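Let's take a walk through this structure together.

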Amino acid sequence: MISTYIFYFLSFVAVFSALLVITSKNPIYSVLYLVVTFFSIAGHYVLLNAQFLAAVHVIVYAGAIMVLFLFVIMLLNLNEETETHKPALVKFAGVISGGLLLLVLVAALKNFEMAPIQNAPNPNIGLIKNIGKVLFGEFMVPFEVSSILFLGAMVGAVMLGKKEIK
Amino acid sequence: MAIDHYVTLSVLLFCIGVLGVLLRRNAIIIFMSIELMLNAVNLLLVSFSSYLSDTAGQVFVVFTMVVAAAEVAVGLAILVTVYRNSKTTDVNVLNKLKW
């Protein structure tokens with residue numbers, strides 16, 4: 001089955017570049033690897049029949065958020081020389097705790113079984129028509145609240161970005 | 001593709017994000033690790049939504065993206081302000097809120 005191979009390829013790319021994000025010395029390379037991770041996650045969305053979300057994901061994350069990150073890193077002139085590192089003991093403790101979290105999650109999810117699905121899988125749920133129906137029907141109030149959140153975030157960012165805060 | 005493969009992939013990505021928060025001292029890379037964790041959760045939501053044929057999961061993903069975008073905008077603005085005052089984004093130097 002071709003989709004299985006695509007799944008494994010995309011998963012490998014996502015996990016590998018995510019590891020490179022947290023290990024690369026230069027913050028600019030971290031951003032670029034994060035863009036690769038986001039594109040592979042967008043590929044997963046296409047595999048899962050969520051085409052609209054894949055497009056939105058690429059536009060919002062790879063297009064807007066990553067550009068913002070890159071802009072700030074270049075504005076602050078962060079590079080390999082200014083990068084600080086934790087002592088080896090703290091790093092070791094961090095790796096151990098992260099590994100333990102992974103172990104606990106895998107152990108908890110090892111024997112899980114999904115309840116059998118009632119209706120046959122519908123490949124059309126990811127289309128913009130169906131998402132729009134649910135978003136502007138059932139989730140109308142959260143949608144409006146999120147617009148207020150956006151307004152607040154915009155005002156806050158402008159206020160923080162001003163030269164001097166009184 | 002079976003759902004448990006997607007669950008495993010999401011768990012892996014989430015743990016890599018946690019590891020990034022624990023290992024790095026640069027506040028911007030900590031932000032990026034948080035984005036990684038949010039994306040792992042998004043992937044899980046989309047895979048369950050496609051498995052259960054329920055559109056609500058994909059709508060939640062849209063809300064997560066909204067919150068993530070707002071968080072990044074405000075967070076990076078705060079970081080720029082902090083950098084202007086203390087010339088660093090190292091979280092070990094920014095310990096003014098420590099008791």
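Which residues do ring pairs link into a cluster? They are A:Phe7, A:Tyr8 and B:Tyr6. Rings of Phe, Tyr and Trp (its six-membered ring) pair if their centres lie within 6.5 Å; planes under 30 degrees apart count as stacked, over 60 as edge-to-face and the rest as tilted.

Some ground rules before going on. This is a predicted model, so to speak of local features needs pLDDT of at least 70, and side-chain atom pairs count only at pLDDT 80 or more, while totals for chains, interfaces and linings use all residues. Residues are numbered from 1 along each chain as its sequence is written, chains are lettered from A and ligands numbered from 1 in the order in which they are written, and side-chain values use heavy atoms, with hydrogens and water left out.

Back to the rings: over all chains, the structure holds seven aromatic pairs. One of them is A:Phe12 with A:Phe16, stacked at 5.6 Å centre to centre with 10 degrees between the planes. The two sit four residues apart in helix α1 of chain A, so about one helical turn separates them. (Helices are DSSP runs of H or I, at least four residues, and strands are runs of E, at least two, numbered from the N terminus.) A:Phe12 counts as exposed at 55% relative accessibility, and A:Phe16 is partly exposed at 45%. Here buried means under 20% relative accessible area, exposed over 50%, and partly exposed in between (1.4 Å probe, protein chains only).

Now look at A:Phe38 and A:Tyr61. Their ring centres are 4.8 Å apart and their planes at 50 degrees, so this pair is tilted. A:Phe38 belongs to helix α2 of chain A and A:Tyr61 to helix α3 of chain A, so the pair ties together parts 23 residues apart in sequence. A:Phe38 is buried, with a relative accessible area of 1%, and A:Tyr61 is buried too, at 0%.

How do the axes of α1(A) and α2(A) cross? They come within 8 Å and cross at roughly 155 degrees (axes are lines fitted to C-alpha atoms, for helices over the stretch in contact, and angles run from 0 to 180 degrees between N-to-C directions). That makes α1(A) and α2(A) roughly antiparallel, a label for angles over 145 degrees. Among the residues that meet here are A:Phe7, A:Leu10 and A:Ala14 of α1(A), and A:Tyr33, A:Leu34 and A:Thr37 of α2(A).

On to the interior. A nonpolar core is a set of buried Ala, Val, Leu, Ile, Met, Phe, Trp, Tyr and Cys residues joined through side-chain atoms within 4.5 Å. The largest one has 49 residues, and A:Tyr45, A:Leu53, A:Met66, A:Phe69, B:Ile28 and B:Met32 touch the most other members. Helices α1, α2 and α3 of both chain A and chain B each give two or more residues to this core, with the largest share, 10 residues, coming from α3(A). A second, separate core of seven residues includes A:Leu135, A:Phe139, B:Ala56 and B:Val59.

B:Ser33, in helix α2 of chain B, is buried at 0%; beyond four places in sequence, B:Ser33 contacts A:Ile22, B:Gly17, B:Gly20 and B:Val21. A:Ser146, in helix α6 of chain A, is buried at 13%.

Conventions. Angles under 35 degrees count as roughly parallel, over 145 as roughly antiparallel, 65 to 115 as roughly perpendicular and the rest as oblique. Contact means heavy atoms within 4.5 Å.
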